[in-house]
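Work through the exercises below with the sequence and the structure in view. Each task is followed by a solution in steps.

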Amino acid sequence: ARRLERTARQLSDSGANVGAFDLATACMELQQRGRRGQMADLDGPLTVLRKAFDRVEAEAQEMLGRSN
C-alpha cells in the first residue's frame, strides 16, 4: 500500500507539472487508496490511469511529430 501511495504521488506530481491533469487526478485516486490500504479492486482506477496515460502519450507523439 505504501509503494502504491508513493508511486502514485510521484506520477501525480509529474502529470500536474506537464499539464496532464487527467493523469494527475487518476493518480491521486490511487494515492488515496494506497494511503487507506485499499488494495482490492484496483481495476477501475488502473483502467482510468491507463487511458489517461495513453492520451498523454498520444499527445506527446503528436508534438514530437510536429517538431520534425
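**Exercise 1.** What volume does the largest pocket have? Find which residues line the largest pocket and which helix gives the most to the lining.

*Solution.* The model is a predicted one. Step 1: the volume of the largest pocket comes to about 200 Å³. Step 2: the residues lining the largest pocket are Val-18, Gly-19, Ala-20, Phe-21, Asp-22, Leu-23, Ala-52, Arg-55, Val-56, Glu-59 and Ala-60. Step 3: at least two lining residues each come from helix H2 (21-36) and from H3. Step 4: with 5 residues, H3 gives the most to this lining. Step 5: sorted by class, the lining holds 7 nonpolar, 1 polar and 3 charged residues.

**Exercise 2.** Decide whether Glu-5 is buried or exposed, and list its contacts.

*Solution.* Step 1: Glu-5 lies in helix H1, which covers residues 2-17. Step 2: the relative accessible area of Glu-5 is 14%. Step 3: buried means under 20%, so Glu-5 is buried. Step 4: leaving aside residues up to four places away in sequence, Glu-5 touches Gln-31, Gly-34 and Arg-35.

Key
Residues are numbered from 1 along each chain as its sequence is written. This is a predicted model: local features need pLDDT of at least 70, side-chain atom pairs count only at pLDDT 80 or more; totals for chains, interfaces and linings use all residues. Side-chain values use heavy atoms; hydrogens and water are left out. Helices (H or I, at least four residues) and strands (E, at least two) are DSSP runs, numbered from the N terminus. Buried means under 20% relative accessible area, exposed over 50%, partly exposed in between (1.4 Å probe, protein chains only). Contact means heavy atoms within 4.5 Å. On a 1 Å grid over the protein atoms alone, a cavity is a set of points where a 1.4 Å probe fits but cannot get out, and a pocket is an open set with protein on both sides within 12 Å along at least five of seven lines; lining residues have an atom within 4 Å of a point. Grid points are joined across faces, edges and corners, and a volume is the space filled by probe spheres set on the points. Ala, Val, Leu, Ile, Met, Phe, Trp, Tyr, Cys and Pro count as nonpolar, Asp, Glu, Lys and Arg as charged, and the others, Gly among them, as polar.
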